[in-house]
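Please read this briefing alongside the sequence and the coordinates shown below.

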Amino acid sequence: MKKTIDANMPVGKLKKIADFLPSPDELALPEDKIKVTIELSNKSVDFFKQEAAKRHTKYQKMIRNLLDRYTLQHSR
């Protein structure tokens with residue numbers, strides 16, 4: 001029987017390295033937010049929900065990012 005090499009397995013001697021990645025708390029930087037109530041059309045909300053589901057994110061976050069980018073573009 002011929003021995004095969006698994007490409008997903010390490011080759012050679014292993015060396016332990018220090019953990020240099022930031023903690024999840026350091027990655028989740030707080031944003032200045034204010035809670036508002038807004039009425040949107042069903043069509044708009046459905047669109048953002050579908051697009052968010054495709055990208056495995058939250059539709060509210062997509063709407064917030066859209067507003068942030070609009071604000072940035074028009075506040076120059």
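## Surface, fold and contacts

The protein exposes about 8600 Å², and carbon and sulfur atoms supply 57% of that area. The model is a predicted one, and buried residues account for 7% of the 76 residues in the protein.

**Secondary structure**

- The secondary structure amounts to three helices and zero strands, and when read along the sequence the protein follows the pattern α-α-α.
- Two of these elements matter for the topics below, namely helix α2, which spans residues 42-55, and helix α3, which spans residues 59-74.

- Lys-54 and Glu-51 both lie in helix α2 and are three residues apart, which is about one turn of the helix.
- Glu-51 also forms a salt bridge with Arg-55, and here the closest N and O atoms are 2.7 Å apart.
- Glu-51 and Arg-55 are four residues apart in helix α2, so that about one helical turn separates them.
- As a general point, side chains of opposite charge can pair when their charged atoms come close.

- Lys-54 counts as exposed, because its relative accessibility is 58% and the term exposed applies to values over 50%.
- Glu-51, by contrast, is buried, with a relative accessible area of 14%, a value to be read against the limit of under 20% that defines burial.

**The largest pocket**

- About 590 Å³ of space lies in the largest pocket, and of the 17 residues that line this pocket, the closest to its centre are Val-36, Ile-38, Gln-60, Ile-63 and Arg-64.
- Helix α3 gives the most to the lining of the largest pocket, contributing seven residues.
- By residue class, the lining of the largest pocket divides into nine nonpolar, two polar and six charged residues.

Methods:
Residues numbered from 1 in each chain as written. Predicted model: local features only at pLDDT ≥ 70, side-chain atom pairs only at ≥ 80, totals over all residues. Heavy atoms only, no water. Helix = DSSP H or I, 4+ residues; strand = E, 2+ residues; numbered from the N terminus. Buried < 20%, exposed > 50% of the residue type's maximum accessible area, 1.4 Å probe, protein only. Salt bridge = Lys/Arg side-chain N within 4 Å of Asp/Glu carboxyl O. 1 Å grid on protein atoms, 1.4 Å probe; cavity = no way out; pocket = protein on both sides within 12 Å on 5 of 7 lines; lining within 4 Å. Points joined across faces, edges and corners; volume = space filled by probe spheres on them. Nonpolar A, V, L, I, M, F, W, Y, C, P; charged D, E, K, R; others polar. Areas by Shrake-Rupley, 256 points an atom, 1.4 Å probe, with all protein chains shown as cover.
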